[in-house]
Amino acid sequence: MKLQDLKNKKVLIVGRGIEGSAALRYLEKHFPTNIIDAVDQKDGDSYLDKQDEYDIAIKSPGVKSSLLKIPYTTAINIFLENTKGKVIGVTGTKGKSTTSTIIFKMLKKQGINAYLGGNIGQSPLDFMDTLNDQSWTVLELSSFQLQDLKKSPHIAVLLMIVPEHLDYHKSIEDYVNAKRNILRFQTTSDFDVINRDFLTTNESDLETSAQIFQVSRERECDEGCFVRNKAIWIRKDQKEVEIIKTSEIRLIGEHNWENVCAAVMTVFLIGVSKENIVSVLKTFRGLEHRLEFVREVGNIRFFNDSLATIPQATIEALDALEETETLITGGFDRGLDYKELGLKIADSGIKALILFPTTGEKIWKAVCDSGKNLPEKFEVNSMERAVRIAFSETNPGKICLLSPASSSFNLFKNYKDRGNQFKEEVKK
């Protein structure tokens, strides 16, 4: 939707979170004579009862479109339709925050006028007025933001896709279709960077007209970025370039090589130098709450992986931190399958398993079903108790890992609150 189409319209902003608040600020600045109101489900069950008094709604992520009876758009659609410069969109079940941040840092290192926004914490409407034709915007995009997309970014980065948010999406097919919107509206002048190690992601190339580059940590790619002989390589136009040895990458965990390959391929297409790519990879330690080293207490190392909200992320964390002896896990139940995680816990030599409700019960059952030796089980309802038990149960020289494999909304405000509480209790 073009901005001028909103002139003299009565606009209802649905949701007063980050995107809704940004949309309100932006419209009040550019259309001061418009009637613009904002409502939120916190206002009560009747918060949408008067929507038919408005011409159009701006829907926030997570608000189901079926609730709206009037035409609507989103902040992301407004941005993509009206922004200057070019846009890189990054999505996937996991890895999108890390990949978006690496891309942004590499662009900045090259001296490019770059901005970072979307699901990572800032609405792009907050900086849209500062962009010019040479600007690059990196957008982390969730399935909630993508499901209503009408225009795709110039470069679409599609990372691993596994089931998530099935409490919101009607099915895994609905979730995957939302993700694929990131590339569905591209043209032949656009680019895709696609993870070929996950079947659902790899098959997404059928949905786009863009030029496709693959990334992989398991096999070589004809055109793309991959891991070979413990190094990151790019192959493009039948030429190969070794970028960096994997041992020189500062990020913890081999799963992050997928994210590194995606970021490297993306910025290589834009023209970022190998020197600046390597500089970022040798210094970037990762995001807060993702395999974050907190501190060492009594010769026990504590790691905060609160960003792990699905089983696959916790499996990757256990692969990355092989000396984990105590695992704090569990959280809000969104109907995910924990069988594979149960097997991984049983195989990882975990001595103490500290479980939050409600998925703690599912995780414990999955461990029991593995038929292998069981760790000692502790059920907790507070982070204080979890950390106290961890300190008493973890042997010196070993690791205590918070990696919930679940979202946080039953006991904590969000994953940041959960991770911050963990860090605070460790420091105590």
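A residue counts as exposed when its relative accessible area is over 50%. In this predicted model, Q238 has a relative accessible area of 81% and is therefore exposed. Q238 is placed in the loop between β12 and β13. Its phi angle is near 65°, a positive value in a residue other than glycine. A positive phi is also found at K230, where the angle is near 60° and the residue is again not glycine. K230 belongs to the loop between β11 and β12, the latter strand covering residues 231-236. With a relative accessibility of 65%, K230 counts as exposed.

The side chains of E240 and R228 meet with a separation of 2.9 Å from N to O. E240 lies in strand β13 (residues 239-245) and R228 in strand β11 (residues 224-228), so the bridge ties together parts that are 12 residues apart in sequence. E240 is partly exposed, its relative accessible area being 34%.

A total of 28 salt bridges was counted in the model. One of them links E316 and R290, with an N to O distance of 3.4 Å. Since E316 is part of helix α9 and R290 is part of the loop between α8 (274-281) and β14 (292-297), this pair ties together parts that are 26 residues apart in sequence. E316 and R290 are both buried. Another salt bridge joins E379 to K377, and here the closest N and O atoms are 3.5 Å apart. E379 is exposed at a relative accessible area of 53%, whereas K377, at 35% relative accessibility, counts as partly exposed. Salt bridges that share partners also join E220, R228, R235 and E240 into one network.

Helix packing was examined for two pairs that share α10. Two packed helices are described by the angle between their axes and the distance between the axes. In the pair formed by helix α9 (residues 311-320) and helix α10 (residues 339-347), the angle is about 20° and the axes are 9 Å apart. This angle makes α9 roughly parallel to α10, as angles under 35 degrees count as roughly parallel. The crossing of α9 past α10 is left-handed. On the α9 side, the contact is made by P311, Q312, T314, I315, L318 and D319, and on the α10 side by E340, L341, K344 and I345. By residue type, the contact of α9 with α10 comprises 5 nonpolar, 2 polar and 3 charged residues.

In the second pair, α10 packs with helix α11 (residues 359-369); their axes come within 7 Å and cross at roughly 60°. The two helices are therefore oblique to each other. Here α10 passes α11 in a right-handed crossing. The residues of α10 in this contact are K339, L341, G342 and I345, and those of α11 are I363, A366 and V367. The contact of α10 with α11 divides into 5 nonpolar, 1 polar and 1 charged residue. L341 and I345 of α10 are listed in the contact with α9 and also in the contact with α11.

A cis peptide bond runs from P357 to T358, with omega near 0°. T358 is found in the loop between β17 (352-355) and α11.

Two further residues were described by their surroundings. R184 lies in helix α5, which covers residues 172-184. R184 is partly exposed, with a relative accessible area of 26%. Leaving aside residues up to four places away in sequence, R184 touches S152, N177 and E207. The C-alpha atoms of R184 and L402 are separated by 37 Å, and the two residues are 218 residues apart along the chain. G121 is located in the loop between β6 (114-118) and β7 (136-140). At 36% relative accessibility, G121 counts as partly exposed.

How values were computed:
Residues are numbered from 1 along each chain as its sequence is written. This is a predicted model: local features need pLDDT of at least 70, side-chain atom pairs count only at pLDDT 80 or more; totals for chains, interfaces and linings use all residues. Side-chain values use heavy atoms; hydrogens and water are left out. Axes are lines fitted to C-alpha atoms, for helices over the stretch in contact, and angles run from 0 to 180 degrees between N-to-C directions. Helices (H or I, at least four residues) and strands (E, at least two) are DSSP runs, numbered from the N terminus. Angles under 35 degrees count as roughly parallel, over 145 as roughly antiparallel, 65 to 115 as roughly perpendicular and the rest as oblique. A crossing is left-handed if the near helix is turned anticlockwise from the far one by less than a right angle, and right-handed if clockwise. Contact means heavy atoms within 4.5 Å. Ala, Val, Leu, Ile, Met, Phe, Trp, Tyr, Cys and Pro count as nonpolar, Asp, Glu, Lys and Arg as charged, and the others, Gly among them, as polar. A salt bridge is a side-chain nitrogen of Lys or Arg within 4 Å of a carboxyl oxygen of Asp or Glu. Buried means under 20% relative accessible area, exposed over 50%, partly exposed in between (1.4 Å probe, protein chains only).
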